[in-house]
Amino acid sequence: MEKNELIIYDSMGNKLFAGDNVVVTKDLKVKGTKSKLKRGTKLKNIKLNKGIFSIQCFVDSIGKIELKTESVKKIN
C-alpha cells in the first residue's frame, strides 16, 4: 500500500475498492429528481472519489449518481 493511498470504508467497516459491488442500506432521495433509491438496490462497478468519502455509480433509472459511503454495504 502506498503512503498517499486513500482507504475508503462502507457502513459496516469493509474496505471498498474501485469495481466493487454494493447495496444501498437505507432509502435515499436523489437530488434533482423525483426518484428514490430503495433500500436493497444493488449498485455494480463503483468508482471511488479521491479526497472525499463518496462513490460514483450508474443507476439504470436515474443515471450517474454520487453516494456517501455511510449509506452502502459491500457485497460479494
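Two strands are said to pair if DSSP finds at least two bridges between them. Strands themselves are DSSP runs (E, at least two residues), numbered from the N terminus. In this structure, Val-24 stands opposite Val-72 in β10. The structure is a predicted model, in which local features need pLDDT of at least 70 and side-chain atom pairs count only at pLDDT 80 or more, while totals for chains, interfaces and linings use all residues. Residues are numbered from 1 along each chain as its sequence is written, and side-chain values use heavy atoms, with hydrogens and water left out.

**The sheet of β6, β3 and β10**

- Strands of a sheet pair through backbone hydrogen bonds, either parallel or antiparallel.
- Three strands in the order β6-β3-β10 make up an open sheet with antiparallel pairing. Its edge strands, each pairing on one side only, are β6 (42-43) and β10 (72-75).
- Four bridges connect β3 (residues 21-24) with β10 in the antiparallel sense.

**The sheet of β7, β8 and β9**

- Another open sheet of three strands has the order β7-β8-β9, and its pairing is antiparallel. Here β7 (47-48) and β9 are the edge strands, each pairing on one side only.
- Two bridges hold the antiparallel pair β7 and β8, and Lys-47 has Gln-56 in β8 as its bridge partner.
- The hairpin of β7 and β8 has five residues between the strands, and Gly-51 in this hairpin takes a positive phi near 90°.
- β8 and β9 run antiparallel and are joined by six bridges. The bridge partner of Val-59 is Gly-63 in β9.

**The largest nonpolar core**

- A nonpolar core is a set of buried Ala, Val, Leu, Ile, Met, Phe, Trp, Tyr and Cys residues joined through side-chain atoms within 4.5 Å. Buried means under 20% relative accessible area, exposed over 50%, and partly exposed in between (1.4 Å probe, protein chains only).
- The largest nonpolar core contains 15 residues, and those with the most contacts inside it are Val-22, Leu-37, Leu-43, Ile-55, Ile-65 and Leu-67. Two or more residues of this core come from each of β3, β8 (54-59) and β9. β8 provides the largest share, three residues.
- Val-22 is in contact (heavy atoms within 4.5 Å) with residues including Leu-16, Leu-43, Ile-46, Ile-55, Val-72 and Ile-75, leaving aside its neighbours within four places in sequence.

**Two loop residues**

- Asp-20 is located in the loop between β2 (15-16) and β3. Asp-20 counts as buried because its relative accessibility is 14%.
- Not counting residues up to four places away in sequence, Asp-20 touches Lys-15, Leu-43, Lys-44, Asn-45, Ile-46 and Lys-74.
- Ser-35 lies in the loop between β4 and β5 (36-37). Ser-35 has a relative accessibility of 29% and therefore counts as partly exposed.
- Apart from residues up to four places away in sequence, Ser-35 touches Lys-29, Val-30 and Ile-62. A distance of 8.5 Å separates the C-alpha atoms of Ser-35 and Ser-61, which are 26 residues apart along the chain.

**The second largest pocket**

- On a 1 Å grid over the protein atoms alone, a pocket is an open set of points where a 1.4 Å probe fits, with protein on both sides within 12 Å along at least five of seven lines; lining residues have an atom within 4 Å of a point.
- The second largest pocket holds about 200 Å³ of space, a volume being the space filled by probe spheres set on the points.
- The elements that give two or more residues to its lining are β4 (28-29) and β9 (63-68). β9 gives the most, with four residues.
- Among the lining residues are Lys-26, Leu-28, Val-30, Leu-37, Ile-65, Glu-66 and Ser-71.
- The lining divides into five nonpolar, one polar and six charged residues. In this count Ala, Val, Leu, Ile, Met, Phe, Trp, Tyr, Cys and Pro are nonpolar, Asp, Glu, Lys and Arg are charged, and the others, Gly among them, are polar.
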